[in-house]
Amino acid sequence: MGDADSILIIGAGQSGAVAAATLRDLGHEGPITLIGREAHAPYERPPLSKAVLQAAEAHAQTAVHPTDFYEQRRITLLTDADVVRLDAAAHLVQLADGRQLSYHRCLLATGGRARELPSLPRGTPGVHYIRTLDDAAALRAGLTPNARVVIIGGGFLGLEVASTARALGAAVTVLESARRLLERVLPPALSDWLAERARHAGVTLRLDARIARSTRQPHPDASVQHQACFAIELQDGAVLDADVVVVAIGLTPEVALAEQAGLALDAANGGIVVDTHCRSSDPDLYAAGDCASQHRRHLNTALRLESWQNANQQARAAAAGMLGLPVPGEAYPWFWTDQFGCNVQMLGLPQPDLSYACRGVPQSQADAPKFIWLGHRDGVPVHAIAINAGGDLRQLRVLFEQGLRIDPQRYADETVALKPLVKACQQNAAATS
């Protein structure tokens, strides 16, 4: 058994760093060790596909905590350290260099790894996967003006990279196997709007696209013979030439250590099953972030949520849980992305049989469009997508969290001020309760 109050955190990303800080904030005085595979101190991942791709110096602004934070808070940070064995019975972990560390409680904040295409494996020159600072730096070198960039995957990451690459002057094609962009999280009308926005920015979209084969060959320009280019053939016979290929087809949760420890995994999403305290099937092992599967009260299902909000929320819940303290209440799921000159924020996820009302005019070619699509069931908001309207979305959040009904027609009428409308919804609910 480890020290009576020692806490070990495996994974030095957003969740791990926030959990370590929260443990100190909640009064834990015992040893805290934070272990990360990368050479970098914990940093935030959302900027990797945006600011970090545009400028090398931007990585300095991605740190979760200041450089001296870990020393000041008495948190032992081990970088370039890989945990290869987790012995839950003995409360021990072994590092690749042979060191063994004991623990009283352990948090798995191992995140995930980019899902790979067998035909375009990581490490192939000219092929890029975006998961780390080093990944972003390698891709940035290839995003030169007029470079031919093919992005495989039209999800959030793929579209963010496409937006950044276009801003840097690259010629960009996005291949998406679904019939529309972000099919699982956007209603059809908004998906079509986003596709038109991307095309207006100069991105070539190929939807319902399937890759038949890809080949690497010498570059046709004699001045860059040291480079190679790719010929990507689609099943419809089209052939795309690319100097740079970015694969952005999702994330696989990193659960090897959890499997080794015999923890329960969610058969549907592959994540480590945790309760509201982020406690796994082993009472001394916790999990948070991209690797954890938790039942969501608002959505009435167990999910792995790959989001900045979830990484922070579960980290704080795990810290409280490990100390036997009450956990924060469950927040309504919130996601955000920046692409093609728009800040896109989402509350909740689409569900069957929702009706949508739009507040604002969704002009795809406007410089700064502003509108919110509100998905509701009999007037009760369930799902919302805000384009450049984060402030308005924050005003609506209480309706989602409390399940309060709104009049969709009045909501869509921009002559009706939003704040008084939300307040009236709260008053009506109180009067009828």
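Q: At roughly what angle do the axes of helix H9 (residues 390-402) and helix H11 (residues 418-432) cross, and within what distance do they come?

A: Two packed helices are described by the angle between their axes and the distance between the axes. In this predicted model, where local features need pLDDT of at least 70, side-chain atom pairs count only at pLDDT 80 or more, and totals for chains, interfaces and linings use all residues, the axes of H9 and H11 cross at roughly 5° and come within 10 Å. Residues are numbered from 1 along each chain as its sequence is written, and side-chain values use heavy atoms, with hydrogens and water left out. Helices are DSSP runs of H or I with at least four residues, and strands are E runs of at least two, numbered from the N terminus; axes are lines fitted to C-alpha atoms, for helices over the stretch in contact, with angles from 0 to 180 degrees between N-to-C directions.

Q: Which word describes H9 relative to H11?

A: Angles under 35 degrees count as roughly parallel, over 145 as roughly antiparallel, 65 to 115 as roughly perpendicular and the rest as oblique, so H9 is roughly parallel to H11. Their contact (heavy atoms within 4.5 Å) involves Asp392, Gln395, Leu396, Val398 and Leu399 of H9, together with Leu418, Lys419, Val422, Cys425 and Gln426 of H11.

Q: At what angle do H1 and H8 pack?

A: Helix H1 (residues 14-25) packs against helix H8 (residues 308-322) at about 40°, with the axes 8 Å apart, which means that H1 is oblique to H8. Among the residues that meet are Val18 and Leu23 in H1 and Trp308 and Met322 in H8.

Q: Which domains does the assignment give?

A: Domain bounds come from an automatic or database domain assignment, which here gives domain 1 (7-113 + 252-323), domain 2 (127-247) and domain 3 (341-431). The C-alpha centres of domain 2 and domain 3 lie 32 Å apart, while 11 residues of domain 2 are in contact with 18 residues of domain 3.
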